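Please keep the sequence and the 3D view at hand while reading.

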Amino acid sequence: MDMKFIGIIPARYASTRFPGKPLAVLGGKTVIQRVYEQVVGVLGEAYVATDDERIVHAVDQSLLRLRTDRLDSLLLHRPDALMEPDEIAQAFTELHKAGKVRNFGLSNCNPLTMELVASRVPFKICANQVQFSVAHTPMLDADFQTNMKWDGSSMRDGGILAYCRLHHIAVQAWSTMQFGFFEGVYLNNERFGALNAVLYRLAEEKGVSATAIALAWILRYPGAMQAVIGTTNIQRVRDSAKASGVELSRREWYELYQAAGNRLP
């Protein structure tokens, strides 16, 4: 099956770990410019998920330097309790009319927030970028454990996966190789011994890397799934791309899910 790969670049200006990082200058270029150019050079297409007008300006400057005049998609990075949907609609409309952005999306939004924005924005939401990996599955757990008195039965996302399938919105999975909230990588992590055993066994059987198997697990979910690989390392990009050619059976998919420490009713 032929699949298209794109780059997703999170660019949050008010980062608690490094405020202003996207506009920090390294070697004569801002971080966002440098990363954008690297990703476009490898994949040919990139999305910038941003929350600040200064970053939009920086992206404009990068586009000028790259001799292109538009982004294929722009994602609003995380919901803001004080956001005004009408203002978002106005900004998106102006960017669209100017030909700077073709498509608009959201990130880390639940269905009601998506519905709120969609009620004002005169464009179809193209994607919702959310954390999802074989080691981070709250969106799945609640569905599997409906009406069960288990920890995983608590719905924390409002049904994002089902909502996106109903409305034909792409789900862009971030932190595809991590668990928890930036707690670490699960590959080759002794805490996930059972999961790694299955990942590497399937990787050997199918002639790909464990990374490709982990990404194939995400892409196997029905609907418009996209995996954010979070790297500009050429070899990792090549290894990850092979996930598009991996077909996991239902048995293999559920084996990985359970090996990650999850249970089924």
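Axes here are lines fitted to C-alpha atoms, for helices over the stretch in contact, and the angles between N-to-C directions run from 0 to 180 degrees. The model is predicted, so that local features need pLDDT of at least 70 and side-chain atom pairs count only at pLDDT 80 or more, while totals for chains, interfaces and linings use all residues. Residues are numbered from 1 along each chain as its sequence is written, and side-chain values use heavy atoms, with hydrogens and water left out. Helices (H or I, at least four residues) and strands (E, at least two) are DSSP runs, numbered from the N terminus.

**Helix packing**

Two packed helices are described by the angle between their axes and the distance between the axes. Angles under 35 degrees count as roughly parallel, over 145 as roughly antiparallel, 65 to 115 as roughly perpendicular and the rest as oblique. Helix α7 (residues 193-206) and helix α8 (residues 210-219) have axes that come within 8 Å and cross at roughly 100 degrees, which means that α7 is roughly perpendicular to α8. In this contact (heavy atoms within 4.5 Å), α7 contributes Leu199, Tyr200, Leu202, Ala203 and Lys206, and α8 contributes Ala210, Ile213 and Ala214.

Helix α7 also packs with α10 at an angle of about 155 degrees, the axes being 8 Å apart, and this makes α7 roughly antiparallel to α10. For the classes in the table, Ala, Val, Leu, Ile, Met, Phe, Trp, Tyr, Cys and Pro count as nonpolar, Asp, Glu, Lys and Arg as charged, and the others, Gly among them, as polar.

| Contact | Residues by class |
|---|---|
| α7 with α8 | seven nonpolar, no polar and one charged residues |
| α7 with α10 | seven nonpolar, no polar and five charged residues |

Buried means under 20% relative accessible area, exposed over 50%, and partly exposed in between (1.4 Å probe, protein chains only). In helix α10 (residues 250-259) the buried residues are Glu252, Trp253, Leu256, Tyr257 and Ala259, and their cover includes α5 (138-144), α7 and α8. Just after α10, Gly261 takes a positive phi of about 100 degrees.

**Strands**

Two strands pair if DSSP finds at least two bridges between them. Strand β5 (residues 71-76), of whose six residues five are buried, pairs with β6 in the parallel sense over five bridges, and Leu76 has Leu106 as its bridge partner in β6. Strand β6 (residues 101-107) in turn pairs with β7 in the parallel sense over three bridges, with Leu106 standing opposite Asn128 in β7.

Strand β7 (residues 125-131) is mostly covered, with seven of its seven residues buried. This strand β7 pairs with β8 (residues 170-174) in the parallel sense over five bridges, and Gln129 stands opposite Gln172 in β8.

**Two loop residues**

Most residues other than glycine have a negative phi. Ser175, in the loop between β8 and β9 (178-179), has a positive phi near 55 degrees, and Ser175 is buried at a relative accessible area of 13%. Asn188, in the loop between β10 (184-185) and α7, has a positive phi of about 60 degrees, and Asn188 counts as exposed at 61% relative accessibility.
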